[in-house]
Amino acid sequence: MTQDASATGAPRLTSLSHGGGCGCKIAPGVLADLLARFTPAQAFPGLMVGTETADDAAVYRLNDEQALIATTDFFMPIVDDPYDFGRIAATNALSDVYAMGGTPIMALAIVGMPINVLPREVIAEILRGGQDVCAQAGIPVAGGHTIDSVEPIYGLAAMGLVHPDRVKRNADARAGDVLILSKPLGVGILSAALKKGQLDAAGYAAMIDSTTRLNTPGPALAALPGVHAITDVTGFGLLGHALEMSRGAKLRARLRWSALPWLPQVQALAQAGMITGASGRNWASYGAAVALGAAVDEVARAMLTDPQTSGGLLVACDRETADAALQVLAVQGFTQAAIVGEMSAGEPGVEVG
């Protein structure tokens, strides 16, 4: 395991926040209520993607060849190592650009730190982690904004470009599409174990490898004619983001429990009670729209609602394109990508069997 902030005499990063990673998100039910009270003042013809379907990023058409993708994402620490925290937060923020089918071009840093609590070298390591991920993505951190805050917060405002014809919304799945998940699940459970001192070095390494893996296949997937919708799986868990896809397309999503890929140790840790509070909040927000099969017990339900930080892409494509999509993912190192379900006609909602 890498060195954490406490090696400098500073407190553990995770001890300074009430939540961590995408588990910090406002619960989906509360967010839906807030957005229901928000009414745009006027229509903007160039706005291709806004708040209508809870998509990953906003998209604005610039001309016939280019559309601008804009997104922001930030959270409190999910790990204690400051460099890893910066890497995870930056990877997570850039994921929204890739999920729209685009390529990042620039980022701005969002930084809130308890200046009188954390040494400057710890904060600098967080920023270095984010900058290194952006360099890996081929983009600059061109500026940003900082505040002195009670809890440590880091993330990015990210911008990208995509051809208007290749924008992949989360709402455009079609009946008969299969669902492909690009990364294994269980980040929230591993992070809960870490915070309780129950995650070993191998589990930590698996979590870092997953959460710092950029979702770079997004543009290549968007270029496949049979790919209809893409989203990334983050704080609302697999069920929550599949439900957003279902509601947007006005179709029913069916997931196969036996087909879902998991990070190492997740099942055992979940059985041992390493569950985040966000998992319960997620279920309370959208559980009424989910039908669980007999094989899905209470622990399995918690795994399905587990908040994913810097999670994988959920891709809806026709069956004829599935092999090509899996090949795109495999070539870029997403070797655990799998077909995990399908979309069908029916009342919007999610079934797990």
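Because the model is predicted, local features are reported only at pLDDT of at least 70 and side-chain atom pairs only at pLDDT 80 or more, whereas totals for chains, interfaces and linings use all residues. Residues are numbered from 1 along each chain as its sequence is written, and side-chain values rest on heavy atoms, with hydrogens and water left out.

At their interface, 33 residues of domain 1 are in contact with 35 residues of domain 2, contact being defined as heavy atoms within 4.5 Å. The buried area, which is the accessible area (1.4 Å probe) that two parts lose on being put together, summed over both, is about 2,600 Å² between domain 1 and domain 2, and carbon and sulfur atoms give 60% of this area.

Seven residue pairs, both members at pLDDT 80 or more, are in polar contact across the interface of domain 1 and domain 2; a polar contact is a pair of N or O atoms within 3.5 Å, where, within protein, one must be able to donate a hydrogen and the other to accept it, and where residues adjacent in sequence count only if both atoms are side-chain atoms. The elements that give two or more residues to the side of domain 1 that touches domain 2 are helix H1 (28-36), helix H2 (82-99) and helix H3 (120-137), helices here being DSSP runs of H or I with at least four residues and strands runs of E with at least two, numbered from the N terminus. Of these elements, H2 gives the most, with ten residues.

The binding site in the unreviewed UniProt entry is placed at Asp56, Asp96 and Asp232, although such annotations may be inferred rather than shown by experiment. These positions span 177 residues in sequence, yet no two of their C-alpha atoms are more than 7.3 Å apart, so they gather at one spot. Asp56 is found in the loop between strand S1 (47-49) and strand S2 (58-61).

Salt bridges, defined by a side-chain nitrogen of Lys or Arg within 4 Å of a carboxyl oxygen of Asp or Glu, number nine, with zero between domain 1 and domain 2. One of them joins the side chains of Arg128 and Asp132 (3.6 Å, N to O), which both lie in helix H3, four residues apart, about one turn of the helix.
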